[in-house]
Amino acid sequence: MAPVGRAAGAARPPAVVWLSAALVAAAMVLPMVYLVVRALGAGAEVWELLFRGRTLAILARSVVLAAVVTGASTVIAVVLAWLTVRTDLPLRRWWAVLTILPLVIPSYVGAFLIIVGLGPRGMLQQFLEGPLGIERLPEIYGFPGAMLILTLLSYPYVLLTVRAALWRLDPALEEASLSLGHGAWDTFRRVTLPLLRPAIAAGALLVALYTLSDFGAVSLLRYETFTWAIYLQYEAALDRTAASALSLVLVALALSIVFLEATSRGRARYHRSTVGAVRRPATVRLGKWRWPALAFCGGIALFALAIPMAILVYWVVRGIAAGEALGQVWGVALNSAYVSGLAALACVAAALPVAYLSVRHPGRISNLLERISYMGFALPGIVIALALVFFGANFVTPIYQTVALLIFAYMVLFLPTALGAARASLLQVSPRVEEAARSLGRTPLQTMAAITLPLVRQGVLSGAALVFLVTMKELPATLLLSPIGFKTLATTTWAASSEAFFAKAAAPALLIIAVSSLAVAIMSWQERRGGSGSG
Amino acid sequence: MRKTYTNLVALIVALSVLLTACAGATPTPATTPTPMIKEVIKEVPAAPKPQSLTIYSGRSETLVDPIIQQFGQATGIEVAVKYAKTAQLAATLQEEGEKSPADIFFAQDPGGLGAVEDMLVRLPDGMLDQVSGWAHSPDGRWVGISGRARVVVYNTERLTESDLPDSIFAFTDPQWKGRIGWPPTNASFQTMVTAMRVIWGEDKTRQWLLGIQANDPKIYPKNTPTVAAAGAGEIDVGFVNHYYLYRFLQEHGESFAARNYHLPSGGPGALVMVAGAGILSTSGSKEAAQRFLKFMLSPVAQQYFTGQTFEYPLVEGVKTNRLLTPLNEITRPQIDLGGLKDIRSTQALFRETGILP
C-alpha cells in the first residue's frame, strides 16, 4: 500500500501551488524579519533582561499554562464532539452550535465577565450571600482563573477540527473492531481516537499557541505569562526593542511546539483504503447516560456562554432602562462581518496551497513552509500589528491603513486556523482518487479543481468559519491597521469597556456573539449535509 | 467532472457577487482607499482646499469624541481619529516614522508624549503660556489639555477619611497587609513612581515598593478594576487616578461604596498629571493642528473636560466640576511633569524589586 502513497509524493507539484505557498511563507516571515531588525537595535541592558533567571521562570509559567489549557481543552472537546456527532443526545444540533460559540468571546471580555460573575465578591457571591450567608468565594485570580477562562474560550478550536473529522470518519474500521469482539470503549480508544489524532493535534496546537499569545485573560486574572511581559515592554516601558527581543524568545518556543506536533504526526495515513460512498456510522444510544451527558454539555455551555451572556444582557437591559443610547451598532456589525468574511477567504486561499504541499508532497521545504505559517498565531497581536505598521507605512504606503492591509494582517494572524482544518481534511482524501484522475489524462491542476477541492470542501469550510469567528474578536491589529474611522464590534466593545461604560460595551459584545452564531449555524448545517451526503 | 467545474465557477462567482454587495453596503466611508482621495485633492489646487486633520488619540473615544466633533463643526475642518492605547500609538508613530499620516498625537499621559518627543514640533509660546509651567513639556513640544490627580480610593464600608494616613508612604505599615490594591502596569501609576524617584530618591522609592509588596497588595491590570474592587470591598484602599470613581458613581449611583482621598502631605501620592497633545513635525496640516490645540485649550473644551470626563481644567478662569476637590485645595508636589521622562529607570526599579518581570 505504501508505494502508492510514495508515488504521489514523488510527482512534482504544479508551479502555481509552489509559488503561492512560497508567497504565503514570505508573508509569514515578515513579522520575524521585523523582530530581528528591532532586536538588533537593542542595547546591552536588553540582553541582560533576556538572560535573567526570571525570564526563564516566566517562560515556564507560559508553558505550564499552555500545556494544562491544551490538555483540558482536548478532553472537553473530544467528549463534546463525540456526543454531538455520534450519539442521540437530546437537542444535539443545538448543542453543536452552542458549544462552539465561546470561541467568539474576546478573552478580555470573557475574563472580565468571569471576575464579575464568579469573583470573590462577584454576582454569584452576592446571590448566595442572602440565603446561605457566603461572604467570599474562593480566589479565581492567578493560575486557576486564567486556566479556567482560557480553556472555556479555546476548547472550540479542538471541537471544530474533531467534529469535522468525526463526520468524515469511515465507520467500517470501527465496525470491524466491534465485530472482532472489542467493546465500545475499547473501540473508541483503539480505533476512533487514533484515527482522530491529526484532527486533535491540529486543534490542540491552535489552543497551545493561542494560550501562549493571549494577553487579555492573563492580565485581567493576574497570571504573569511571557506575552504579558512583552506587552509590559510596550505599554509600561515604551520599549519596542526589548519587546522585540522577548518576542523572538516566544517565536522559538512556538516553533518548538509546532515541531513537537509535527513529530507526533508520524507517517500514518488516515484516508480510507477503498473508494466508495461514506456511510453515516450508527448513532450510539445513550440510554440513561443521556442525563450525565446533558449535564456535561449544559455545564460547559453554562460557564462558557450562558453566564457571560446573561451578564451582558443584564447590562444592556439596565442601560436601556436608564435611557442610555446604545449607538450605531448595526453598521459596525456589518463592518465586522465584512472584514471577517474577507479574512476567511484570504486565509483559505492562502492555506490550501500550503496544506496541499505538506500533505501530498511532504519534504523538508514544504514542512518548513507549513510550520512558519503558525508563527503569526503564536505571537501577541500587538507584535504582528506593529510589524505590519512598519512595513505598511514605509514600503507599501498606498495601502497602509486600508482594508487591504488589514486583511493581510488577519491572514498573517489567523492562517493556521484555516490551515489545520484544510490539512486534516486533505489527509482523509486518498491520493488514489487523484491518481485515477491523473491516469485518465487530467493535469495536476485539473485534478485538484475537479477531485481534491470538492472532497476537502467540508474541512475548508469549517476552517473558513473558524477564521471568521476569530477575526470577529481581533483587536490590536484592527485598532492600528484599519482605515481611520473604521469601527468593528471588537473595537467598539474595547472602546467602551476601557472606560467602564458597561451597557455600551455589552451591546456590541453581544452582537459579536449573535453574528458569529449565524456563521456557526451555517457551518454546522453544511457539516451535516456534507457528512451525510456522498463523498 | 465538468459539472464540478461549473459548480466551482458558480461558487466563485457567487462569492464575489456577495462580497461586492457587502462592500457596497458597508456604511463606513473609510473603506474606500483614502490615498485616492488625497490624489484628487492634490490635482485641484484652484478650489479652496478643505482642511483635514488626522488625530491619533490615546484617550478613549467615549470621552473625547464629542468635543472633537464639536471642533470639526466649529471650524469646518474634517477630522479623522484613530483610537488606541497611548503606548500602542506611540509605538505606531515610531514605526511609521516620517510616513506617519498623523497630524496630532493626543495622549493619556506625559510618558507616551515623551516617547515620541523628537517627532513633535515646538509649540508657540502663546499656547504654552495658557497652562501652568508644570503642565507642558520643558522644551514646549507638548501641552497639557486636562489634569488628573493621583488619589487613594477607599471602601466606605470599612474606612472613613480619618482612618487614612497623610502620606502614601504610610501604607507600608503592616496594618495595611492584605488591604491594598494597585495596578503596577498602569501608565499613570508608573508616572507616580517616577515622581517618587524624583522627589524621594531611589532608596526611599525602593523602600516604598518593597514595603507595599510586603503587604501583599492585590494586583489589577488598570485603574477601572482597582476602583471596582474598592467599591466591592475586595480591597480597602487602591492607588488610582481620581476620575474613574465618578464614572462608577454615574453608573451605580451614590450607593457605590468607594470614595477618593487626596493625600494632604504634598508628596508624590498627590501628584497631578495631565493628558496632553502635540503636533507631529511630519504633519502637512500644521495650521489646522494648531487650531485644534487652541480649541482644546478654549473655555468650551476645558469646561467639557471637567463637566463630562471629571478631569481638571488647566486654563485659568474655567470652573472645576463641583463634584471634584478643587485643584487649589490639593497639596500637589511641586515638580514639572516634563521631568518625569526617565521611565526606563522606573522599570528597572520594578524589576529589581520583583514587582514586574
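This report describes a predicted model with chains A and B, from the overall form of chain A to the contact between the chains.

## Overall form of chain A

Chain A is built from 24 helices and has zero strands. Its C-alpha trace spans about 65 × 60 × 50 Å along the principal axes. For 535 residues, a compact globule would have a radius of gyration near 24 Å, and the 23 Å of chain A agrees with that.

Of the 535 residues in chain A, 55% are buried. Where contacts in chain A join residues at least 6 apart in sequence, 84% of them link residues at least 24 apart.

## An enclosed helix in chain A

Helix 23 of chain A covers residues 489–497. Nine of its nine residues are buried, so this helix is largely enclosed by the rest of the structure. The buried residues run from Leu489(A) and Ala490(A) through Thr491(A), Thr492(A) and Thr493(A) to Trp494(A), Ala495(A), Ala496(A) and Ser497(A).

## Two loop residues with positive phi

Arg222(A) has a positive phi of about 60°. It lies in the loop between helix 11 (216–220) and helix 12 (226–235) of chain A. Because it has 18 C-beta neighbours inside 10 Å, Arg222(A) counts as partly exposed.

Gln401(A) also has a positive phi, near 55°. This residue is found in the loop that connects helix 18 (381–395) with helix 19 (403–427) of chain A. Is Gln401(A) buried or exposed? With 27 other C-beta atoms within 10 Å, Gln401(A) is buried, because the cut-off for a buried residue is 20 or more.

## Strand 4 of chain B and its partners

In chain B, strand 4 (residues 143–155) is mostly covered, with 13 of its 13 residues buried. One of its antiparallel partners is strand 9 (residues 272–279), to which six bridges join it. Within this pairing, Ala149(B) has Val272(B) as its bridge partner. Strand 4 also pairs in the antiparallel sense with strand 7 (residues 237–241) of chain B, over five bridges. There, Arg150(B) stands opposite Asn241(B).

Strand 8 (residues 258–261) of chain B runs antiparallel to strand 4 and is joined to it by four bridges. In strand 8, Ala258(B) is the residue opposite Asn155(B). Strand 10 (residues 312–313) of chain B is another antiparallel partner of strand 4, with two bridges. Here Ser146(B) has Pro313(B) as its bridge partner.

## The nonpolar core

The largest nonpolar core has 296 residues. Which residues have the most contacts inside it? They are Cys347(A), Ala409(A) and Phe105(B).

Leaving aside neighbours within four places in sequence, Phe105(B) is in contact with Tyr56(B), Leu89(B), Leu93(B), Leu113(B) and Val116(B), and also with Ala277(B), Gly278(B) and Leu280(B).

## The contact between the chains

The contact between the chains takes 51 residues from chain A and 57 residues from chain B. On the side of chain B that touches chain A, helix 4 (residues 86–96) of chain B gives the most, with eight residues. The residues on this side of chain B comprise 28 nonpolar, 19 polar and 10 charged.

How values were computed: Residues numbered from 1 in each chain as written. Chains lettered and ligands numbered in written order. Predicted model: local features only at pLDDT ≥ 70, side-chain atom pairs only at ≥ 80, totals over all residues. Contact = placed C-beta atoms within 7 Å. Nonpolar A, V, L, I, M, F, W, Y, C, P; charged D, E, K, R; others polar. Buried ≥ 20, exposed ≤ 12 C-beta atoms within 10 Å, placed from the backbone. Core = buried A, V, L, I, M, F, W, Y, C linked by C-beta atoms within 7 Å. Rg over C-alpha atoms; globule rule 2.2 N^0.38 Å. Pairing = 2+ DSSP bridges.
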